[in-house]
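Hi everyone, thanks for coming.

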Amino acid sequence: MYGTQTIEAKLEVPGIKVMALQTQCPSEIDQTFTDSSHLMALYLSPISLVECRYIESKAPEFAPLGSLFFRPASLHLHSRGAAGLKRAIHCKIEPSRFERAIGRTPRWDVSILQATLDLRPQLRFRTLMMRLLEELQFPSGASAAIIDAIVVVLINDIVGLPNSEKGNRDPTLPHRSRVLRIVRERVTDMWEVLPTVSELAELTNVCERHLLRVFKAHTGSSLVEFIRQSRAERAQQLVATTKFSLKEIAFRLGFSSHASFSTSFLRDFGISPIEFRREHIHLNRPPVGARPSEKIRTSRTRRPKSAT
């Protein structure tokens, strides 16, 4: 949002600009920001504590800013807190394109403004933003149409946010079922960086100890083991079916380096990720919207062990 930006990739279609970038912000911020475009932002690296409030909402209290948020055009967002170097996906939407998608001028009441400061509980927004990142990294002749279609979905989901918020917080849903649903959707999201236990606890609005206990009681296995198993299985899928570099895959899976990812992959499956990709080159990059559901096996593949 602030400071200097280094753009890694950029695609533009009429009324829409999508960028993968790094932002270098001051160590401390306390300022009001506004822009003529709407902004949907997903920070791929954890953001430090930043609190915000919209001047127009006349809200006396600041609320935490999530790593996934939406800022409407022309409103004044007062932000304060710590910053630093961050990697992010920004999707900027011109007001005319936004209005054309919904057929009217949007109204930003207090409930919507509060909800858009932290969209992490709305898992579909993450999936759509990561799909935009994939298109940035591997553009094609259909990229303009794909980006425009994704952004139309984002726009309509933002406008309908109060109703969808009720879906995630519906008190009629059993507490345990809601927690488990959110955890499973987040961990198995193919296009999102794997979460930590603490991030899942924050997402489900429960303490870590309670989350671990609920997951163990309902599934019979530990949440940590579920994340590790999912990471091993996702490693196969990303190596075989995408054009992401091994360094990018290692980042998405939470490994400290490309080398540690390769070592773990070899230990789990008995084959290096480079060799595995070579054997499955025919699967590289699935059709738009495809999300592989079956585990990929070769004669050299063993059942995955726990990843480190």
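Let's start with a term. A nonpolar core is a set of buried Ala, Val, Leu, Ile, Met, Phe, Trp, Tyr and Cys residues joined through side-chain atoms within 4.5 Å. Buried means under 20% relative accessible area, exposed means over 50%, and partly exposed is in between, with a 1.4 Å probe and protein chains only.

Before we use that, a word on the source. This is a predicted model, where local features need pLDDT of at least 70 and side-chain atom pairs count only at pLDDT 80 or more, while totals for chains, interfaces and linings use all residues. Residues are numbered from 1 along each chain as its sequence is written, and side-chain values use heavy atoms, with hydrogens and water left out.

Okay, the overall picture. The protein has 308 residues, and 50% of them are buried. Its secondary structure comes to 12 helices and nine strands. Helices (H or I, at least four residues) and strands (E, at least two) are DSSP runs, numbered from the N terminus.

Now the cores. The largest nonpolar core has 51 residues, and Met40, Cys91 and Met129 touch the most other members. Take Met129: if you skip residues up to four places away in sequence, Met129 touches Met40, Ala41, Leu42, Leu68, Ile89, Cys91 and Leu154. Contact here means heavy atoms within 4.5 Å. There is also a second, separate core of 31 residues, including Val179, Val187, Leu211 and Ala250. As background, nonpolar side chains in soluble globular proteins tend to be buried together.

On to the strands. Two strands pair if DSSP finds at least two bridges between them. Strand β1 (residues 4-13) pairs with strand β2 (residues 16-24) in the antiparallel sense, over nine bridges. Together β1 and β2 make a hairpin with two residues between them, and Gly15 in the turn has a positive phi of about 85°.

Next, helix α1 (residues 95-102). Which of its residues are buried? They are Arg97, Phe98 and Ile102. These cover an arc of only 125° around the axis, so they sit on the same side of α1; the arc is that of the directions from the helix axis to the C-beta atoms. On the other side of α1, Ser96 and Arg100 are exposed. Ile102 counts as buried at 17% relative accessibility. Leaving aside neighbours within four places in sequence, Ile102 contacts Ile155, Asn156 and Val159. Ile102 and Ile155 are 53 residues apart in sequence, yet 7.7 Å apart in space, C-alpha to C-alpha. After α1 comes Gly103, with a positive phi near 75°.

Last stop: Thr116, in helix α2 (residues 110-116). Is Thr116 buried or exposed? It's buried, with a relative accessible area of 0%. Apart from neighbours within four places in sequence, Thr116 is in contact with Tyr54, Phe69, Phe70, Ile158 and Leu161.

That's my tour, so over to you!
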